[in-house]
Amino acid sequence: MKDYFIGQGTGITAQFDTLEEMLAYHAAMPALERHFCKLYDRRTHKYAPGWAVTWSWHDKRDPWQDWN
């Protein structure tokens, strides 16, 4: 398994070597899929809800808080 991946439901949608690759893929996803997914950092065992990452693109006053 690669270090970064996007999950939806109980499955993995895509895996990535870098955070930048994962964020680019997430940005290109259809809106509903992007909203209802989670982005994972396998090495640190942390995640971010897809909606939180997307929201930070629209409202710069409320930036994405990296990982939970």
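Strands S3 and S4 form a hairpin with four residues between them, and His-45 in the turn has a positive phi of about 60°. The model is predicted, so that local features need pLDDT of at least 70 and side-chain atom pairs count only at pLDDT 80 or more, while totals for chains, interfaces and linings use all residues. Residues are numbered from 1 along each chain as its sequence is written, and side-chain values use heavy atoms, with hydrogens and water left out.

Strands (E, at least two residues) and helices (H or I, at least four) are DSSP runs numbered from the N terminus, and two strands pair if DSSP finds at least two bridges between them. S3 (residues 38–41) is joined antiparallel to S1 (residues 4–8) by four bridges, and S3 also pairs with S4 (residues 46–49) in the antiparallel sense over four bridges. Tyr-40 stands opposite Phe-5 and opposite Tyr-47 in S4.

Rings of Phe, Tyr and Trp (its six-membered ring) pair if their centres lie within 6.5 Å, with planes under 30 degrees apart counting as stacked, over 60 as edge-to-face and the rest as tilted. Ring pairs link Phe-5, Tyr-40 and Tyr-47 into a cluster.

| Ring pair | Centre to centre | Between planes | Type |
|---|---|---|---|
| Phe-5 and Tyr-40 | 4.8 Å | 15° | stacked |
| Tyr-40 and Tyr-47 | 6.2 Å | 40° | tilted |

Buried means under 20% relative accessible area, exposed over 50% and partly exposed in between (1.4 Å probe, protein chains only). Phe-5 is buried at 12%, whereas Tyr-40 is partly exposed at 26%, as is Tyr-47 at 31%.
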